[in-house]
Amino acid sequence: MEILYSDKEIAVCIKPVGLDSEMEVPAELKRSLGGEIFPIHRLDKNVGGVMVFARTKAAAAALSKAIQEGAMVKEYVALVHGTPPETGDWEDLIFKDSSKNKVFVVKKERKGVKKARLEFVRLTAGDTSLVRIRLHTGRSHQIRVQFSSRGFPLVGDHKYGARDDSPAPMLFSCWITFPWKGQTKSYEALPYWAE
């Protein structure tokens, strides 16, 4: 697993597809770096990308506060079927059915329904298009369901309507920025399919 940065308080790595971000990635970091590792945010097991982990309880509290205040910003790249608009700012109401581990866009607010917002820019166009997405809310499967509900399922996302041979959704956390000790830290990486 590639480690982009580490010090005594934080570690930034590229989570590989197939590793659980709350158990397996911290275990790998612990093997490489030693000490405690605290997950701060999560990525689906079948999604890879840039993540930050805390190495102390104080760092975990500070990073969690940054997330709650909207000061941690995450961007993703995704390969989607079809050609979405050049840019978009989408806000939806989404509901997670925990028994099916599936998320749905719904029309009305009710118990368990949450607002989900993202902005995106289309980078390439064609049968499949590359998009770069900035999340404003971090909902479960948010990017996957918001694009699928508009007829642009992610390549490899069989749970949300893709009909292709890719083994996993083509979604990658490519950029993360957050305030840290009076500075702004930013880390970026791209998957092979988006370079």
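Me: Which residues touch the most other members of the largest nonpolar core?
Reply: This is a predicted model, and in it the largest nonpolar core has 27 residues, of which Val52, Leu63, Phe178 and Trp193 touch the most other members.

Me: Which strands and helices each supply at least two residues of this core?
Reply: Strand E2 (10-15), strand E4 (48-54), strand E5 (73-81) and strand E10 (171-180) each do, and so does helix H2 (57-68). The largest share, six residues, comes from E10.

Me: Staying with E10, is Ile176 buried or exposed?
Reply: Ile176, which has its place in strand E10, counts as buried because its relative accessibility is 0%, and the cut-off for buried is under 20%.

Me: Changing topic, which residues gather in the patch of positive charge on the surface?
Reply: That patch brings together Lys96, Lys114, Arg139 and Lys159.

Me: Where is Arg139 found?
Reply: Arg139 is in the loop that runs between strand E9 (128-135) and helix H3 (142-148), and with 30% relative accessibility Arg139 counts as partly exposed.

Me: What about Gly138, buried or exposed?
Reply: Gly138 lies in the loop between E9 and H3, and it is exposed because its relative accessible area is 68%, where exposed requires over 50%. As for its distance to Asp165, which is 27 residues away along the chain, the C-alpha atoms of Gly138 and Asp165 are separated by 28 Å.

Me: Now backbone angles: what is phi of His141 near?
Reply: Phi of His141 is near 55°, which is a positive value in a residue other than glycine. For context, most residues other than glycine have a negative phi.

Me: Where does His141 lie, and is it buried or exposed?
Reply: His141 lies in the loop between E9 and H3, and it counts as buried, since its relative accessibility is 8%.

Me: What is the phi of Asn101, and where is its place?
Reply: Asn101 is not a glycine, yet its phi is positive, at about 50°, and its place is in the loop between strand E6 (87-97) and strand E7 (102-106). With a relative accessible area of 35%, Asn101 is partly exposed, whereas His141 counts as buried.

Methods:
Residues numbered from 1 in each chain as written. Predicted model: local features only at pLDDT ≥ 70, side-chain atom pairs only at ≥ 80, totals over all residues. Heavy atoms only, no water. Patch = residues over 30% accessible without salt bridge, like charges linked within 9 Å, V, L, I, M, F, W, Y side chains within 5 Å. Areas by Shrake-Rupley, 256 points an atom, 1.4 Å probe, with all protein chains shown as cover. Salt bridge = Lys/Arg side-chain N within 4 Å of Asp/Glu carboxyl O. Lys, Arg positive; Asp, Glu negative; His and termini not counted. Charge placed at Lys NZ, Arg CZ, Asp CG, Glu CD. Helix = DSSP H or I, 4+ residues; strand = E, 2+ residues; numbered from the N terminus. Buried < 20%, exposed > 50% of the residue type's maximum accessible area, 1.4 Å probe, protein only. Core = buried A, V, L, I, M, F, W, Y, C linked by side-chain atoms within 4.5 Å.
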